[in-house]
Amino acid sequence: LLIIWGAGQPPAVATQTEAGQQVANTDAMGNVFKNSVPVDHMICSGHGCLRLITYLEAEDKIVAVDDMEKRETATDPRPYAMANPPFKDLPMFGEFRGNDNLELIAALNPQPMVIFKTFTTMGTHPAELQEKTGIPVISLAYGDLANFRKDLYQSLRTMGAVLGNSDRSKEHTSELQSRETISYTGFCLKNRTRITCPNPDSYGM
């Protein structure tokens, strides 16, 4: 996978490809990248990044987590973590809020093929992380279902393209957009369980 930093292009729309073909996209920082699909091993750095992966049902591609996922608590209020207890058993690659440990990442086996990163102004900068690890870093705008829906939808499309799973990203984005005509509770019941719904307590669930 190749990333050209600082290209300054607007986010590109993800496209579905056959295995082994190249896709070209632009991440949230305007960096153009090309990659062969699918990506089988990855890590997610930054707040909410694992939640986005859970929406795309690609949890099995995660090879390591930050220290937040390893903490033992009586209850965990994060829906995606409740849906993925095996995250606690994965190796650790750094601290939460994007504070990545380069030595821990270098020691991972298998090595991640890409690193997805949200909230890029926190922790290790994506350009530095890519330069020092040699692993492509794809920046994402986390977004939400209130004021930053477009960011959320674009991040899901970009991740879907990189993973070779654009069909799933389009399906999930389309169903999130349909909230204007169906109840949010109905959407959650239609998709797996309430555990996978973003911020369910914010919607009275």
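These legends walk through a few close-up views of one predicted model.

**View 1. The whole chain, before we zoom in.** The protein chain holds eight helices and nine strands. Of its 205 residues, 48% are buried. Its accessible surface comes to about 10000 Å², and 52% of that belongs to carbon and sulfur atoms. Among contacts with a separation of 6 or more, 57% are between residues 24 or more positions apart.

**View 2. Strand E8 (114-118) and its buried side chains**. Five of the five residues of E8 are buried, so the strand is largely enclosed by the rest of the structure. Look at which way the side chains go: Val114, Phe116 and Thr118 point one way, while Ile115 and Lys117 point the other way.

**View 3. The partners of E8.** Strand E4 (residues 42-45) pairs with E8 in the parallel sense over four bridges. Here you can find Ile43 with its bridge partner in E8, Ile115. E8 also pairs with E9, again in the parallel sense and over four bridges. In that pairing, Lys117 has Ser139 in E9 as its bridge partner. What holds such neighbours together? Strands of a sheet pair through backbone hydrogen bonds. Follow the chain from E8 through H5 to E9 and you have traced a right-handed β-α-β unit.

View 4. Spot Asp66 standing opposite Gly94 in E6.

**View 5. Two rings, Phe119 and Tyr142, side by side as an aromatic pair**. The count of aromatic pairs comes to one. The ring centres are 5.9 Å apart and the planes sit at 40°, so we call the pair tilted. Phe119 lies in the loop between E8 and helix H5 (126-133), and Tyr142 in the loop between strand E9 (137-140) and helix H6 (149-163), 23 residues apart. Buried or partly exposed? Phe119 counts as partly exposed at 36% relative accessibility, whereas Tyr142, at 15%, counts as buried.

**View 6. A charge over a ring.** The charged end of Arg71 sits over the ring of Phe96, 4.9 Å from the ring's centre.

Conventions:
Residues numbered from 1 in each chain as written. Predicted model: local features only at pLDDT ≥ 70, side-chain atom pairs only at ≥ 80, totals over all residues. Heavy atoms only, no water. Phe/Tyr/Trp six-rings, centres within 6.5 Å; stacked < 30°, edge-to-face > 60°. Helix = DSSP H or I, 4+ residues; strand = E, 2+ residues; numbered from the N terminus. Buried < 20%, exposed > 50% of the residue type's maximum accessible area, 1.4 Å probe, protein only. Lys NZ or Arg CZ within 6 Å of the ring centre and 35° of its normal. Contact = heavy atoms within 4.5 Å. Areas by Shrake-Rupley, 256 points an atom, 1.4 Å probe, with all protein chains shown as cover. Pairing = 2+ DSSP bridges. Right-handed = clockwise from strand over helix to strand, strands pointing away.
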